[in-house]
Amino acid sequence: MKALVIDKADLIHNIESVKKYADKTLPDDNGNKLKIIAVVKANGYGFGIVPYTQFLIDNGIDFFAVATIEEALKLREAGIKENILMLSSTAIREEVEKLVENNIILCVGSKEAAEVANEIGKEQNKKIRCHLKIDTGFGRYGFIYCEREKMIEAIKPLENIKIEGTFTHFSIAFYNKDEYTKLQFKRFIDCVEVLKMNEIETGMLHCCNSSAFIKFPEMHLNAVRIGSCFTGKMAFTNTLGLKTVGKFKSNVVEIKTLPKGFNVGYSNSYTTKQETKVAIIPVGNMTGVNMDCGDDMFRAVDKLRNFVGAFKNLFKNRALYVNINGQKCKILGRIGTYHVTVDISGKNINIGDEVIIDINPKYLDSSIQRIYE
Ligand SMILES: *Cc1c(COP(=O)(O)O)cnc(C)c1O
């Protein structure tokens, strides 16, 4: 058995905590409350994009954002009618057509993307819904903040796009150095001013991801884009009392006792130091184990292990563990694609016992079952 188990009560707790905190932000000049846009990219942060989005809808969320066209279409195919915003800009005509056909709000981050959208709008004799994306120092999608004139020139003449929003994305809001986020915010606001001066509609303004939402209430503007606040996996200690949602569970499938001096796993990086009772668990890299532990060092350490076996003992205390019947058990040797071997010496553990593995569900194979309970 392998499944990601999502505790509905905990998820609701997080959704309600986010809403409550959002409600502290004063409504805008038109009396609109701060809008919550739920980001459901990466298979809904691993919670299964369709059931997760549906769960959010059932709990009062009505605006979603995705990173890929596949994600957007998956939601529409599942019959989800709510607003869906694309977070990535595209100037590829077939993609834009597909998005428009499915009433997805485009992200427009370049002259080319704007022109393709406008062209399609002209052909269909309508205005294509979009949000403008400003690159305030991320180096990804968006009009470059210091090339405002180019942006104005590109946007101003287009009559078949309807700008319903303008946004930017922060690169380091989770970190305790706030200056860069504040600088990005200023660059964004300056661009918005210039758009307004040129009588270009900016629509709803948004820049906050989960970290910025919590840390910078003064940057909330009209909407916030919330991903990790809902799942509770935040990169910094937060004040909202969010719960970590999603437990990856499996079972012990085999138990045996290895003699002293026995190799465990690929690359022969681990040898038993004494007779060792081990349990085999059918989880590995393909099910997200060791893919993201909130600390990049793990990956770096893993790489080092590959190349410099002799260094391995230096990193002893960076070992990874799984939890079996509430007992911490150490993973021995390299993690396999679908299997790990753990040390259960001196522990009362049996075949079939439940194993809980700490993973980031984003890296969990989409074919694995998601259970909401
Ligand atoms: C992923 C993403 C978010 C949400 O980030 P969280 O930190 O998980 O809240 C917001 N905006 C954009 C553009 C994103 O790509």
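1. Helices here are DSSP runs of H or I of at least four residues, and strands are runs of E of at least two, numbered from the N terminus. The model is predicted, so local features need pLDDT of at least 70 and side-chain atom pairs count only at pLDDT 80 or more, while totals for chains, interfaces and linings use all residues. Residues are numbered from 1 along each chain as its sequence is written, and side-chain values use heavy atoms, with hydrogens and water left out.

2. Glu16 and Lys19 lie 3 residues apart in helix H1 (residues 8-22), which means that about one helical turn separates them. They form a salt bridge with the closest N and O atoms 3.1 Å apart; the term stands for a side-chain nitrogen of Lys or Arg within 4 Å of a carboxyl oxygen of Asp or Glu. Glu16 is partly exposed at a relative accessible area of 35% (buried is under 20%, exposed over 50%, partly exposed in between, with a 1.4 Å probe and protein chains only).

3. By this rule there are 15 salt bridges. Among them, Asp23 and Lys33 meet at 3.3 Å, N to O. Both residues sit in the loop between H1 and strand S2 (35-39), 10 residues apart. Asp23 is partly exposed at 46% relative accessibility, and Lys33 is exposed at 56%.

4. Glu147 pairs with Lys150 in a salt bridge, with 3.5 Å between the closest N and O atoms. Glu147 is partly exposed at 32%, whereas Lys150 is exposed at 55%. Separately, salt bridges link Arg93, Glu97, Glu119 and Glu123 in a network.

5. The residues surrounding the ligand include Val39, Tyr45, Leu87, Asn209 and Arg225, each having a heavy atom within 4 Å of the ligand. An N or O atom in the side chain of Lys41 is 2.7 Å from a ligand oxygen atom. A backbone N or O atom of Gly227 lies 2.9 Å from an oxygen atom of the ligand. The protein covers 89% of the 390 Å² of accessible area that the ligand has on its own (Shrake-Rupley method, 1.4 Å probe).

Methods
Polar contact = N/O pair within 3.5 Å; in protein donor to acceptor, adjacent residues only side chain to side chain.
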